[in-house]
Amino acid sequence: MLSDIWIYKKSAKIFIILLFIAIFALFTQNWQMGLLVFILVAGSFVYIYRQDGKQEKILMKYLDDISEGVTAGTVYAVKNLPIGIAMMDEKRALVWANNVFRSWIGEKAEIGANMQSLIYGAKVSKLWGKTGWFECHAGETFFRVFHKYIQVNDTEEGSTPFMVFYFMDRTDVELLRKSSEESMPVFCMIRIDNISEVTTDMTDVEKSNILSQVNELILKEFSQVDGFIKQYTASDYVACISHKSLNDMMHENFEILDKVRSIHTVNRIPVTLSIGVVQMDEPFIKQAEEAQMALDLALARGGDQAIVKIGQNVKAFGGKVPTSVSSTRVRVRVVAQALKEIIESADHVLVMGHAHEDFDALGSAVGVCHLARASGISANVVLSPQEDTSRKMIDAIRESKELEGLLIDENTAKGMITDKTVLIIVDTHIPAMVAAPQLLEKVKRKVIIDHHRRSASIIDDPLLTYMEPSASSASELVTELIQYYGEEEELYEIEGSCLYAGIVVDTKSFSVQTSVRTFDAASFLRRSGANTMMVREMFRVDMNAILNRSRVLSNLKIIDEYMVFAECPKDIEDSQIMAGQLSDYLVAVEQIKCSFVFYHTEKGLCLSARSDGSINVQIVMESLGGGGHLTVAGAQFGKDGTIEEIENKIIKQVRKQVEEE
């Protein structure tokens, strides 16, 4: 390096050699003069050499000072620059960290601490041996972290591997991003869903007063969350709120539903709202369409609830009271005529319910076949392979001469399909729960008749959807359709009895989920020849069932004095029937608000849930992938999860509802 600075040293040897040659030449001519010149040159050379030595020492000291400064600056930078640096060994343990990293992480950043326990949002174990970056956080501080795999040669045996992490504080950026997300708009569609029922028999003044109270409350609630809301009909509103306001409303379980319901009315019928909300990164026109679809879903589930669609996920809030029953039957008449047109355009009608058909699914299917017969169209009921639940009704149908050949399996039904075939699904609308899933995929023309509240999953592209959550059963809906179908074909005794049994099983002998229309339907069936003795025979149990019931009841588990759990052993036959009967029996016990009975089928673990009305078991079951009604619901788990895990989830959901009350 010195040779680069002192350039003359590069050619010093050449000059010295040339100088001595010149002196030697002079010495040969005049030795006295040559000697004198030699002495002068030698003295000058010694002087210059000493001066060069002094300059080299000064320069080396200067360079040493610079080097020490750079080293000190580097050490200071590594320890104190606003970048956290940490090193991790192959055991995922912290081996070194600078002061900045320690100040961000706190006391936990000790040598030997597990790196995964210090940061959250990333799997440190998956980063070993790789170079790249990720984002994470520690407490309320957010980081972007660059990581690099290095090997240090520090032993004779070889090198030691490490991972180096460089932490950059992005908290300000993250807070700005979060603030931006929270301020993004969310579309809401709101409807007073029972305005006609509430204002029935009211004077104009009373109607005006009640609508004014509801309107004032709705406008006030949305104004408090800095939202925009506009009323465009007497019962419909459109609103726009922020993501943050939506999260607050979800955290409060849409308290506006309870506030509107608490408004006093002259006829004691509570006012209820249905709300559809969508949160998604789509153009505004798409968000408005999705919000309307969410509102339609809330209405199809019986109203008095909010449906929030976040991306592809759907969440339901509310629905704590039974669905109000419409006093008018205009819709029944319209649906009956539409169904008649569809049936008469078909060359054959196939009807099926859900897998493990109960009396309601099978009874309503038989009733639909009566409609087809009234129109002169051939029809069959497609059964699932699991016939244990409704064995007695199946046997009664097969023994009947009038309905000979009515029941078929899925394979037989496949051979009957044409382009004009109509498939009518009763007592369910969820594709995964139908009796014949392959048949559902093959038939293009489909109709849905169901009394359950609509779930997020529904059969695609039906020609007609008739869903009435206020009805007690699918058999009640079909019975009403028969009355308005427009044909005078009389019911066979077996047809009326199957429909009557369907109503009996879902209403628990007319004790729950009943309305005036339920008794009207039952009265029509009795007039049409329904045999109550035949129905009673279908519900009779043998002594083994009584003994098995005792086994289950002897192993009950009571939680919080109002929840009860039980399990039907795997060796019990007709376990689905027994689970339903036991859950009905248990919820009738004093102080018990809800009951949950597990049972086993060839498809895996299932659950039957019941409530006295104070707990919404439909919401509980929906959180587990099932569905149903306010007081009657169920779920199928297959091979997923254990009873203990499912019980813990149910307990959490039920306690949440109780706390909200």
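Reply: Domain 4 and domain 5 bury about 1,400 Å² between them, and 46% of that area lies on carbon and sulfur atoms. Buried area here is the accessible area, taken with a 1.4 Å probe, that two parts lose on being put together, summed over both. The model is predicted, so local features need pLDDT of at least 70 and side-chain atom pairs count only at pLDDT 80 or more, while totals for chains, interfaces and linings use all residues. Residues are numbered from 1 along each chain as its sequence is written, and side-chain values use heavy atoms, with hydrogens and water left out.

The domain assignment puts domain 4 at 329–539 and domain 5 at 543–660; such bounds come from an automatic or database assignment. Their centres, taken over C-alpha atoms, are 26 Å apart. Domain 4 brings 13 residues to the contact and domain 5 brings 15, where contact means heavy atoms within 4.5 Å.

On the domain 4 side, His 356, Arg 453 and Lys 508 supply 38% of the area buried against domain 5, more than any other three residues. Lys 508 also forms a salt bridge with Asp 584, with the closest N and O atoms 3.8 Å apart. A salt bridge is a side-chain nitrogen of Lys or Arg within 4 Å of a carboxyl oxygen of Asp or Glu, and the rule finds 1 across this interface. The residues of domain 4 that touch domain 5 divide into 3 nonpolar, 6 polar and 4 charged. In that sorting, Ala, Val, Leu, Ile, Met, Phe, Trp, Tyr, Cys and Pro count as nonpolar, Asp, Glu, Lys and Arg as charged, and the others, Gly among them, as polar.

Next, the annotated positions. An unreviewed UniProt entry places the feature "binding site" at His 354, Asp 358 and Asp 427; such annotations may be inferred rather than shown by experiment. These residues span 74 residues in sequence, yet no two of their C-alpha atoms are more than 9.5 Å apart, so they gather at one spot. His 354 sits in the loop between strand 12 (349–352) and helix 12 (359–374). Helices (H or I, at least four residues) and strands (E, at least two) are DSSP runs, numbered from the N terminus.

Arg 445 lies in strand 16, residues 445–450. Beyond its neighbours within four places in sequence, Arg 445 is in contact with residues including Ser 345, Asp 419 and Leu 463.
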